[in-house]
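Student: I would like to learn how to read a model like this one. Please take me through it feature by feature.

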Amino acid sequence: MTTSLSANRRNAGDVHAFRAPASLFQDLQQVLVDLIELHLQGKQAHWNLVGTNFRDLHLQLDGIVDAAREASDTIAERMRALDAVPDGRSDTVVATTTVPAVPPGLVGATETVDMITDRIYAVVGTIRTVHDDVDAADPSTADLLHAIIDQLEKEAWLLKSENGTA
């Protein structure tokens with residue numbers, strides 16, 4: 001029995017960890033910076049919101065910020081699990097995000113709803129753009145993207161309903 005146990009250990013030791021291609025890390029880095037930018041823009045909107053339904057929208061923006069922050073953490077930690085180094089520094093985010101900038105100053109509730117909904121869909125667009133390549137490289141990581149898309153699209157639906165009409 002000792003011999004077979006040693007052989008099993010040796011065989012198990014020969015198994016190599018998954019090695020992701022560099023393109024996977026580049027795709028995840030783009031998702032990461034866009035999620036960080038969404039988190040920051042959501043907070044900017046939260047702080048500078050004015051108008052009708054202020055309190056409810058103020059709190060709703062916090063939920064969006066939390067979702068974006070948690071998703072960015074999920075992506076960064078997945079990158080580390082795959083031996084990549086995520087870069088969430090502010091200068092990197094500014095230089096590489098695809099999310100449109102928000103205006104400075106106070107923004108009305110109706111405009112905030114439209115603006116942040118658009119930003120959520122911009123991030124979802126980035127995720128959908130890289131999805132197929134991520135799935136080809138690592139289906140496990142693509143599963144994480146699915147969950148993030150689901151959460152963000154739900155947040156967008158809830159938010160845009162503030163300006164909806166029957």
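Student: What should I know before I start?

Tutor: This is a predicted model: local features need pLDDT of at least 70, side-chain atom pairs count only at pLDDT 80 or more, and totals for chains, interfaces and linings use all residues. Residues are numbered from 1 along each chain as its sequence is written, and side-chain values use heavy atoms, with hydrogens and water left out.

Student: Which residues does UniProt assign to the feature "domain: Ferritin/DPS"?

Tutor: The unreviewed UniProt entry puts it at residues 27–161. UniProt positions follow the numbering used here, feature names are shortened, and annotations may be inferred rather than shown by experiment. In the model, that span is 80% helix and 3% strand, with its end C-alpha atoms 31 Å apart. Helices (H or I, at least four residues) and strands (E, at least two) are DSSP runs, numbered from the N terminus.

Student: How do I read the span of helix 2?

Tutor: Compare it with the expected span, which is 1.5 Å times one less than the number of residues. Helix 2 has 27 residues and reaches 39 Å from first C-alpha to last, close to the 39 Å expected.

Student: How many residues of helix 2 are buried?

Tutor: Buried means under 20% relative accessible area, exposed over 50%, partly exposed in between (1.4 Å probe, protein chains only). Helix 2 is mostly covered, with 19 of its 27 residues buried.

Student: How do I describe two packed helices?

Tutor: Two packed helices are described by the angle between their axes and the distance between the axes. Axes are lines fitted to C-alpha atoms, for helices over the stretch in contact, and angles run from 0 to 180 degrees between N-to-C directions. Here the axes of helix 3 and helix 6 come within 11 Å and cross at roughly 170°. That makes the two helices roughly antiparallel (angles over 145 degrees).

Student: Which residues make that contact?

Tutor: Contact means heavy atoms within 4.5 Å. Helix 3 contributes residues including Leu57, Gly63, Ala67 and Ile75. Helix 6 contributes, among them, Ser140, Leu144, Ile148 and Leu159.

Student: Is Ile127 buried or exposed?

Tutor: Ile127 is buried, at 0% relative accessibility. It lies in helix 5. Beyond four places in sequence, Ile127 touches Val31, Leu145, Ile148, Ile149 and Leu152. Its C-alpha is 8.7 Å from that of Leu28, 99 residues away along the chain.

Student: What does Ser72 touch?

Tutor: Ser72 lies in helix 3 and is buried, with a relative accessible area of 10%. Not counting residues up to four places away in sequence, Ser72 touches Leu32, Leu35 and Ile36.

Student: Where is Asn53 placed?

Tutor: Asn53 sits in the loop between strand 1 (49–50) and helix 3. Its phi is near 65°, a positive value in a residue other than glycine. Asn53 is partly exposed, at 32% relative accessibility.

Student: What is phi of Asp83 near?

Tutor: Phi of Asp83 is near 70°, also positive in a non-glycine residue. Asp83 is in the loop between helix 3 and helix 4 (90–96). At a relative accessible area of 64%, Asp83 is exposed.

Methods:
Angles under 35 degrees count as roughly parallel, over 145 as roughly antiparallel, 65 to 115 as roughly perpendicular and the rest as oblique.
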